[in-house]
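Subject: Structure handover

Hello,

The structure we discussed follows below. My notes on it come after that, grouped by topic.

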Amino acid sequence: MKAAIFEYARAESIAQACSLLAEHGADAKLLAGGQSLVPMMAMRLARPAWLINVNEIAELKSSRRDGAVWVTGAGLRQVDVERDGELARAVPLIRQGLYWVGHIQTKNRGTVGGSLVHADPSAELPLVAQALGASFVLRRNGSERTVAAADFFQAPMVTATEPDECLAEVRWPVWQGERVGSAFDELSIRHGDYAIVAACAQVEVDSAGRCVRAVLGIGGAASVPVSAEAIARSLHGTQLDDTTIEAAVESIGQYLDPGSDVHATAEYRVHLARVLAARVLRRARDHAAGMARGTRA
Amino acid sequence: MNEPKSSVCITVNGVEHRCEVPTRLSLVDFLRETLRLTGTHVGCEHGICGACSVILDGDPVRSCLMFAVQADGHSITTVEGLANADGSMSVLQDSFCETHGLQCGYCTPGMLVATHSLLKTNPNPSAGEIRDAISGNLCRCTGYQQIVDAVQLAARRVAAGNGNR
Ligand SMILES: Cc1cc2nc3c(=O)[nH]c(=O)nc-3n(C[C@H](O)[C@H](O)[C@H](O)COP(=O)(O)OP(=O)(O)OC[C@H]3O[C@@H](n4cnc5c(N)ncnc54)[C@H](O)[C@@H]3O)c2cc1C
Ligand code: FES
Ligand code: FES
């Protein structure tokens, strides 16, 4: 359980991290919180020849509102993001998702960017990013590109990030309406374990309680987190009453392709997805109604 | 291939250590084998058990998931650093003894680090908050209840002025 030999560099800026990546290419890995990469190195599932520490890069740690999006630096610690009250009001699903992630010791080190680039199909932050349609700013030596969540998550633990790219920041849409509500829920063996299935939803309702906007995401039941767009769209214009929600999530299986393992069969995962989807939609609706009455969560 | 090395300056329990370490040396191996501070235990070596928990710049972290080179310029407190200045046990440590919060003691340094950190920010935690704080630490002996009791006892003793931490 000891890592193989590697050369080590500590990058002081994103530009420096990118030029080190350009130099060492596919043999190098960025080291952020180490909460996923270091166990893989200990088990020799990963053997990078170069490790580039990005923990000391201040410009990876900014967190700011930029109009209709909230921008989080990739290097922000999960614990700091979870505690940020302003961010929690602007994009409540981030805190609601992080509540389920690991333990205090892992959140004190683990970063937002590390979780997204690691891209475990059951992980909470990738699910929130997919459901909300976040976008990812990737830098390489001398250039930058922005990738939408739908194109970012490609397969289990595979993202659009190329070996010479550094994820610089993540742009999370802020829903600016008066009556916006959201909810996250999951089933796992123990709190802090990866989810067997996770679900999240965000809805906006008008003054008459009619749904004007909705998103629904499911994690742990396909090779990447999925956004159930057609189901969410079918809720527009409805009162989001329990029967409408139950009927809408009936077809959730079309989005899913779960596997069976020692924790749950594929069938059970689809069942769970349906139950959790209905639950988060109901909670998001109630949360939105509470916002309108001024009982901000 | 030669073993790559890097020089570091790491403060452990208030003492500065300057030395050269292999880049792949984990922080827990640095503490236990280089500094001979064997209070910090090592169990799984891949982030699951929590036995290796230490305090990095004030926050509890797993020392098996960091390389010693990453701690360069940072400050670590291990379980050895939790005792009183005169070497006697802290109220929290003493409370673990009082309530039988340990049996084999394998998990104990990690449990102490986790709950010491909890009490610093939350001097009067509920049983649920204590269980949450130790959710990343496995104990195969106690069944956890006596650990929860220990933390609550320590909180009561500190609140009653019967203790200096
Ligand atoms: C006990 C335990 C329980 C956990 N439970 C959960 C859980 O319930 N849910 C969950 O989602 N996660 C969980 N995790 C994983 C945790 O959230 C990790 O923090 C996360 O997956 C990786 O983030 P990191 O910052 O530690 O990244 P690292 O481990 O340092 O890196 C992960 C990968 O991302 C790459 N990378 C990192 N930063 C960048 C960047 N800026 N640009 C490009 N590539 C980058 C690295 O090269 C590496 O390939 C758990 C971990 C542990 C140890
Ligand atoms: S030895 Fe570090 S978590 Fe088990
Ligand atoms: S006392 Fe033995 S593992 Fe906790």
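Q202(A) sits in strand β12 of chain A, residues 197-205; helices (H or I, at least four residues) and strands (E, at least two) are DSSP runs numbered from the N terminus. At 3% relative accessibility, Q202(A) counts as buried, where buried means under 20% relative accessible area, exposed over 50% and partly exposed in between, with a 1.4 Å probe and protein chains only. Leaving aside neighbours within four places in sequence, Q202(A) is in contact (heavy atoms within 4.5 Å) with P92(A), L93(A), L132(A), W175(A), V180(A), G181(A), S182(A), R213(A), A214(A) and V215(A).

Some conventions before the rest. This is a predicted model, in which local features need pLDDT of at least 70 and side-chain atom pairs count only at pLDDT 80 or more, while totals for chains, interfaces and linings use all residues. Residues are numbered from 1 along each chain as its sequence is written, chains are lettered from A and ligands numbered from 1 in the order in which they are written, and side-chain values use heavy atoms, with hydrogens and water left out.

Just after α8(A), G133(A) takes a positive phi of about 70 degrees.

Over all chains, the structure holds 5 aromatic pairs. Rings of Phe, Tyr and Trp (its six-membered ring) pair if their centres lie within 6.5 Å; planes under 30 degrees apart count as stacked, over 60 as edge-to-face and the rest as tilted. Y99(A) and W100(A) form an edge-to-face pair, at 5.1 Å centre to centre and 85 degrees between the planes. Y99(A) is partly exposed, with a relative accessible area of 45%, whereas W100(A) is buried at 15%.

Why is the pair of F136(A) and F153(A) edge-to-face? The ring centres are 5.7 Å apart and the planes stand at 90 degrees, so the pair falls in that class. F136(A) lies in strand β6 (residues 135-140) and F153(A) in strand β8 (residues 153-155) of chain A, so the pair ties together parts that are 17 residues apart in sequence. F136(A) is buried, with a relative accessible area of 0%, and F153(A) counts as buried at 5%. Ring pairs link F136(A), F152(A) and F153(A) into a cluster.

Domains

Domain bounds come from an automatic or database domain assignment. For chain A the assignment gives domain 1 (7-53), domain 2 (58-173) and domain 3 (180-292). The centres of domain 1 and domain 3 of chain A, taken over C-alpha atoms, are separated by 36 Å. For chain B the assignment gives domain 1 (5-82) and domain 2 (91-159), with 22 Å between their centres, again over C-alpha atoms. In chain B, 16 residues of domain 1 are in contact with 12 residues of domain 2.

Two residues of chain B

Q70(B) is in the loop between β4 (59-62) and β5 (75-77) of chain B. Is Q70(B) buried or exposed? Q70(B) is buried, with a relative accessible area of 3%. Not counting residues up to four places away in sequence, Q70(B) touches Y8(A), L31(A), A32(A), N53(A), N55(A), E56(A), R109(A) and L65(B).

H100(B) is in the loop between α2 (91-98) and α3 of chain B and is exposed, with a relative accessible area of 55%. With residues up to four places away left out, H100(B) touches T142(B) and Q146(B). H100(B) and A71(B) are 29 residues apart in sequence and 34 Å apart in space, C-alpha to C-alpha.

Second largest pocket

The second largest pocket is lined by 23 residues, of which R83(A), I104(A), L118(B), D132(B) and A133(B) lie nearest its centre. The elements that give two or more residues to this lining are α3 (78-83) and α6 (104-107) of chain A, together with β4, α3 (108-121) and α4 (127-133) of chain B. α3(B) gives the most, with 5 residues.

Regards

Methods
On a 1 Å grid over the protein atoms alone, a cavity is a set of points where a 1.4 Å probe fits but cannot get out, and a pocket is an open set with protein on both sides within 12 Å along at least five of seven lines; lining residues have an atom within 4 Å of a point.
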